[in-house]
Amino acid sequence: MLKVSAAALAISFCTACQLYAASCETIISRQVTQAILGENPRAGLETYLTKKLSKPRYFEDGKCTGPAKDLKLYPGVPYHDCSYEHGGLHGWARVAIIHPAILASWIDNACRSRGAKCIAGVTAYSWCSNQLSFPIAANIIEPGSAGGGSDAGSHNFIFLHGITVPRPAWIGATQDLDAAVQAKNLAPLSDVEEPTALTSQVARPAGIRREIYSEFAPEPKLTNIGTSCPIADRNPEWFDAARKSLLDAWGKPQNIMFDALAKALEDGKSPGKVSCSP
């Protein structure tokens with residue numbers, strides 16, 4: 001019998017993830033390039049994103065509440081709560097509702113001096129990274145390989161303030177837990193400003209890690225956010241950076257997370273997760 005090591009399997013799954021991301025980005029980039037032809041690229045991008053978001057993203061493709069704006073840590077930001085099913089598991093997600101016009105404005109502003117290639121690249125990267133989503137408190141069901149594991153099956157990934165957090169004891173990695181139970185546990189976390197849990201590397205919707213924010217985001221920005229590696233140095237203030245970037249940008253043309261993403265891509269730097277040595 002052929003024996004395959006766990007390391008080899010992990011490499012295989014990671015390679016598959018990279019190939020998917022590359023394929024996705026190629027397709028989206030090509031579509032956006034066509035959409036923004038003409039005298040008003042921002043309007044073309046808004047039209048493209050409006051069509052893209054007219055279909056519910058899978059974590060919103062279920063039973064969702066009407067929009068509300070009553071979260072104390074997100075004043076004025078609309079959100080909805082969605083119960084959904086994906087990959088054989090049930091999930092619950094409280095997600096910010098970001099209008100396509102706002103997203104288009106953030107991306108266009110970040111790329112103002114960089115042209116169509118930048119707009120296409122930023123849109124493709126962020127869409128393929130997370131579908132331009134900001135989970136306020138959520139269980140986003142994804143393949144296990146999305147978290148760096150070696151399992152392509154569906155896993156529960158818990159998000160808070162746009163960032164993945166360690167999975168709590170009340171839900172297993174592949175446990176199919178009733179969405180109402182998830183809501184009871186997750187909803188109160190929306191009001192927890194700076195959780196003690198170590199954060200993951202990447203903040204949505206731009207999909208960038210701490211180092212990209214620190215190096216490329218314009219001022220004002222937070223400084224004491226830690227580093228991606230080693231894991232113990234991941235400061236929870238990264239939650240604040242992600243949340244405050246969204247709040248500061250709400251209703252405005254600039255989001256410094258997207259500014260940082262545009263500059264990083266222009267410099268040829270990978271903005272997403274990096275591997276930490278044991």
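1. The S-S torsion of Cys64 and Cys82 is about 115°, so this disulfide is right-handed. A disulfide here is a pair of cysteine sulfur atoms within 2.5 Å. The link between Cys64 and Cys82 has an S to S distance of 2.0 Å. Cys64 sits in strand β1 (residues 63–64) and Cys82 in strand β2 (residues 79–86), so distant parts of the chain, 18 residues apart, are linked. Helices (H or I, at least four residues) and strands (E, at least two) are DSSP runs, numbered from the N terminus.

2. Some ground rules. The model is predicted: local features need pLDDT of at least 70, side-chain atom pairs count only at pLDDT 80 or more, and totals for chains, interfaces and linings use all residues. Residues are numbered from 1 along each chain as its sequence is written, and side-chain values use heavy atoms, with hydrogens and water left out.

3. Cys82 counts as buried, at 0% relative accessibility. The cut-offs are under 20% relative accessible area for buried, over 50% for exposed, and partly exposed in between (1.4 Å probe, protein chains only).

4. The structure has four disulfides. With the bonded cysteines of the chain numbered in sequence order, the pairing reads 1-6, 2-3, 4-5, 7-8.

5. The link of Cys24 and Cys128 is left-handed, with -85° about the S-S bond.

6. Cys229 is joined to Cys276 by a disulfide, S to S 1.8 Å. The torsion about the S-S bond of Cys229 and Cys276 is about -80°, so this disulfide is left-handed. Cys229 lies in the loop between α6 (210–216) and α7 (237–249), and Cys276 in the segment after α8 (256–266), 47 residues apart. Cys229 is partly exposed at 28% relative accessible area. Cys276 is partly exposed at 26%.

7. Now the aromatic rings. Six aromatic pairs turn up in a search of the whole structure. Tyr58 and Phe59 have ring centres 5.2 Å apart and planes at 75°, so the pair is edge-to-face. Rings of Phe, Tyr and Trp (its six-membered ring) pair if their centres lie within 6.5 Å; planes under 30 degrees apart are stacked, over 60 edge-to-face, the rest tilted. Ring pairs join Tyr58, Phe59 and Tyr84 into a cluster. Tyr58 is partly exposed, at 21% relative accessible area. Phe59 is buried, at 2%.

8. Arg167 lies over the face of Phe157, 5.7 Å from the ring centre. The test needs NZ of Lys or CZ of Arg within 6 Å of the ring centre and within 35 degrees of the ring normal.

9. Which residues have the most contacts inside the largest nonpolar core? They are Ile98, Trp106, Tyr213 and Phe258, in a core of 66 residues. Helix α4 gives the largest share of this core, eight residues. Apart from it lies another core, of ten residues, among them Phe59, Ala93, Ile140 and Phe159. A nonpolar core is a set of buried Ala, Val, Leu, Ile, Met, Phe, Trp, Tyr and Cys residues joined through side-chain atoms within 4.5 Å.

10. Leaving aside neighbours within four places in sequence, Tyr213 is in contact with residues including Ile208, Leu222, Trp238 and Met257. Contact means heavy atoms within 4.5 Å.

11. Ile163 is found in strand β6 (residues 163–165). Ile163 is buried, at 0% relative accessible area. Ile163 and Phe239 are 76 residues apart in sequence, yet 7.1 Å apart in space, C-alpha to C-alpha. Beyond neighbours within four places in sequence, the contacts of Ile163 include Thr199, Val202, Trp238 and Phe239.

12. Lys117 is in helix α4. Lys117 is exposed, with a relative accessible area of 77%. Lys117 and Thr33 are 84 residues apart along the chain, and their C-alpha atoms are separated by 7.4 Å.
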